[in-house]
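User: Hi! I am learning how labels are given to parts of a protein model. Could you take me through a few?

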Amino acid sequence: MCTVCGCGKDDVKVEGERNAHSPNHTHDHNDHHHPHHDHDHLHDHGHDHQHHDHDQHHDHSHDHSHEHVDAAGDLHYGKGIGGAHVPGISQARIVQIEQDILGKNDHLASHNRARFVDMGVLALNLVSSPGSGKTTLLARSAADLLKTMPVAVVEGDQQTALDADRIRDAGVPAVQVNTGKGCHLDAHMVGRAVDSLSGQGAGLESGGVLFIENVGNLVCPAAFDLGEAAKVVILSVTEGEDKPLKYPDMFHASDLMILNKSDLLPYVPFSVEKCIEYARRINPDIEVVQLSALTGEGLQDWYDWIENRRAAVSAAKKTA
């Protein structure tokens, strides 16, 4: 659970930054030109909970009150107040660690959000499991929208710049964020990536759309606000219609569910109706778009949804 382990914060690499951010480096905010980030960096705090005095913070009583065993003998480790199980850490401590980490992240996210509103930019956080067709959809969408508005992309992966290169090959400005051992982006990474895009002249200062492609993972990205206007969860019809029930936090946090690879529906055992029913059981307000990034079917519905959200951003900018 990322909010407990603080995974990968010191391994982050953002394309376009002059100076490496090592865990031992002391940051001078005046040197990094972050007008919206005058605060402690999140990755400086990711592991500070792992070295506390064992007698004070480690519960060795083997209390299994958070572990529920059902009639079938299945184990459920998410029933405690911490929503997770970490050996040697009490449920109360898990809650405290999560509050500390998410509190720092939410502070950074609020700066990102204000920045995006000031720029008139619609920021969308694209989340999915690996293999959903997220990058294919993103490359096509970004190239199409770039014909009428500024578009830029932040690409999140653990390693390589393959996806960012793919977006750039489509003619769209992009910056890669490699998270190392981390399994999600956080608000600090996104702020740094936007600084890099601005330095490259991506044109977002005049509005448009910023797509943030998160690391392929339906668990941890649900908890981390990046300052986006909306989370968009992409589900391929090859994955099974029960994904919303298996990963409820992500579908609860998302504003839109895209059912991708609809061209394969004749060949896979997938019920669109059941999937939508399950998603709305978790999140009654979630919107749904069915499309194929390969054939283009349904893409206009996706673009119309984006345009409606852009109008909301424009209205927010006028009142800010």
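This is a predicted model: local features need pLDDT of at least 70, side-chain atom pairs count only at pLDDT 80 or more; totals for chains, interfaces and linings use all residues.

User: Why is E228 called buried?

Analyst: Residues are numbered from 1 along each chain as its sequence is written, and side-chain values use heavy atoms, leaving out hydrogens and water. Buried means under 20% relative accessible area, exposed over 50%, and partly exposed in between (1.4 Å probe, protein chains only). E228 has a relative accessible area of 6%, so E228 is buried.

User: And what makes K231 buried or exposed?

Analyst: K231 has 7% relative accessibility, so K231 counts as buried.

User: What makes K231 and E228 a salt bridge?

Analyst: The term asks for a side-chain nitrogen of Lys or Arg within 4 Å of a carboxyl oxygen of Asp or Glu. The closest N and O atoms of K231 and E228 are 2.8 Å apart, and the two form a salt bridge.

User: What is the label for E277?

Analyst: E277 has a relative accessible area of 44%, so E277 is partly exposed. E277 also forms a salt bridge with R281, with the closest N and O atoms 3.1 Å apart.

User: Where do R281 and E277 lie?

Analyst: Both are in helix α10 (residues 272-282), four residues apart, about one turn of the helix. Helices are DSSP runs (H or I, at least four residues), as are strands (E, at least two), numbered from the N terminus.

User: How many salt bridges does the structure hold?

Analyst: There are 12 salt bridges.
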